[in-house]
Amino acid sequence: MKLKVNGQPVDITLENEKTVGDFLKAFEEEASQNEATTTAISLNGTQISPDDFDAILNEPLTDSTEIDLSVISKKELIDALHETAKSFADLNTLLPDVPVQLQSGNDADASATITRLTEAMESFLHITRLSTLFPELYDSIRVQDMDMGTFFEEFHAILKDFEEAMAGKDTVTVGDLAEYEIGPRIKELSESLAGIKL
């Protein structure tokens, strides 16, 4: 059997594992002891979807079996959350300039800041989804005593209003939302993420 973890070849000696399911169970037990978990599985070059997972469990392990696992650790997620905190802190210094940039015709800089905000939020959503694999970590991500589900629900509505104001070039609403709604939430989120510990 050939094994790769996060794209890197790993030497492995099988003990009593006879099937793909046996191996995955043993691997996940070992990963769990190291506060890590598997996020994706490829078997013989084919990405295994959650719907196909049960079908591969009884496949026998052979010399030609190739398993490629994507693994993430709790520490990696916390590091990613801390990096996201820095990104949000940087954005918080840029957001107040957006309405002024729009009013002065500097749409390129305003758009660049909005793009950074969008990318930071997409990255944060991805990291948050992965953090659900570690429930105690996910539960520790709070903003103003709100869990992430509540925070995202509230924040999504504000971002939608912001997007509409941007599309309509309503600089007054853009400014108000950036200064009084988005900025403070980004600041609180940044501070909350920066404070997360192992």
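## Helices α3 and α8

Helices α3 and α8 are roughly antiparallel to each other (an angle over 145 degrees). Their axes cross at roughly 150 degrees and come within 8 Å. Axes here are lines fitted to C-alpha atoms over the stretch in contact, with angles from 0 to 180 degrees between N-to-C directions. Helix α3 covers residues 74-94, and α8 covers residues 171-194. Helices are DSSP runs (H or I, at least four residues), numbered from the N terminus.

Leu81, Phe88 and Asn92 of α3 are among the residues making the contact, as are Ile186, Leu189 and Leu193 of α8. Contact means heavy atoms within 4.5 Å.

## About the model

This is a predicted model, where local features need pLDDT of at least 70 and side-chain atom pairs pLDDT 80 or more, while totals for chains, interfaces and linings use all residues. Residues are numbered from 1 along each chain as its sequence is written, and side-chain values use heavy atoms, leaving out hydrogens and water.

## Helix α5

Helix α5 runs over residues 107-131. Its 25 residues should span 36 Å, and its end C-alpha atoms are 36 Å apart, which agrees. The expected span is 1.5 Å times one less than the number of residues.

Several α5 residues are buried, including Leu117, Met121 and Phe124 (under 20% relative accessible area, with a 1.4 Å probe and protein chains only).

## Helices α5 and α8

The axes of α5 and α8 come within 14 Å and cross at roughly 40 degrees. Leu117, Met121 and Phe124 of α5 meet Ile182, Ile186, Leu189 and Leu193 of α8.

Key. Helix = DSSP H or I, 4+ residues; strand = E, 2+ residues; numbered from the N terminus. Parallel < 35°, antiparallel > 145°, perpendicular 65-115°, else oblique. Buried < 20%, exposed > 50% of the residue type's maximum accessible area, 1.4 Å probe, protein only.
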